[in-house]
Amino acid sequence: MTGQKDSSKTVPSEAGASGDISYSLRIERRNVKNINIYLRPPYEEVLVTAPRRLSQGRINAFLQEKEDWICRNLRRLREEKQKNRLAGPMSREERKAYEE
């Protein structure tokens, strides 16, 4: 069974960016060698997997180091999601051209 910790986080946006970035953070301890970060776009969830024996302090330090990367990529995913929402569904011809 994996150890889990769920929390929500709001990070102030960078200068010039609009709005704060908020996301759900889930930490799972697994039989892995490294700390891994996964961004789950539909739910705006950040999943962090870490070795079972790694201290919570080290995980927190790693997350603090990667906070800019997380925010930058969540912002990019949100922009893509918004762009796709505005574009609307593809027509049959557009889908055919896209698949070629």
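The following legends describe close-up views of a predicted model of one protein chain.

**View 1. Confidence along the predicted chain.** The protein chain has a mean pLDDT of 80, with 76% of its residues reaching 70 or more. Among its elements, helix H1, spanning residues 56-65, has the highest mean pLDDT at 96, whereas strand S1, spanning residues 3-11, has the lowest at 55. Over residues 12-18 the pLDDT is below 50, and this stretch has six contacts in the model beyond near neighbours in sequence. Where pLDDT is low, the predicted coordinates should not be read in detail.

**View 2. The largest nonpolar core and the surroundings of Ile70.** This core holds 15 residues, of which Tyr23, Leu25, Val46, Val48, Leu63 and Ile70 touch the most other members. At least two core residues come from each of strand S2 (21-30), strand S4 (45-51), H1 and helix H2 (67-87), and the four residues supplied by S2 are the most that any of them gives. When neighbours within four places in sequence are left aside, Ile70 is in contact with Tyr23, Ile37, Leu39, Val46 and Leu63.

**View 3. Lys33 in the loop between S2 and S3.** Lys33 lies in the loop that runs between S2 and strand S3 (36-40), and it counts as exposed because its relative accessible area is 79%. Its C-alpha atom is separated by 9.7 Å from that of Leu54, a residue 21 positions away along the chain.

**View 4. The salt-bridge network that includes Glu28 and Arg30.** Among the six salt bridges in the structure are those that link Arg26, Glu28, Arg30, Arg40 and Glu45 in a network.

View 5. Side chains of opposite charge can pair when their charged atoms come close. In the salt bridge between Glu65 and Arg58, the closest N and O atoms are 3.8 Å apart; Glu65 is exposed, with a relative accessible area of 55%, whereas Arg58 is partly exposed at 36%. The side chains of Glu80 and Arg76 also meet in a salt bridge, with an N to O distance of 2.9 Å. Because Glu80 and Arg76 are four residues apart in helix H2, about one helical turn separates them. Glu80 is partly exposed, with a relative accessible area of 34%, and Arg76 is likewise partly exposed, at 38%.

Conventions: Residues numbered from 1 in each chain as written. Heavy atoms only, no water. pLDDT = per-residue confidence, 0-100. Contact = heavy atoms within 4.5 Å. Core = buried A, V, L, I, M, F, W, Y, C linked by side-chain atoms within 4.5 Å. Buried < 20%, exposed > 50% of the residue type's maximum accessible area, 1.4 Å probe, protein only. Salt bridge = Lys/Arg side-chain N within 4 Å of Asp/Glu carboxyl O.
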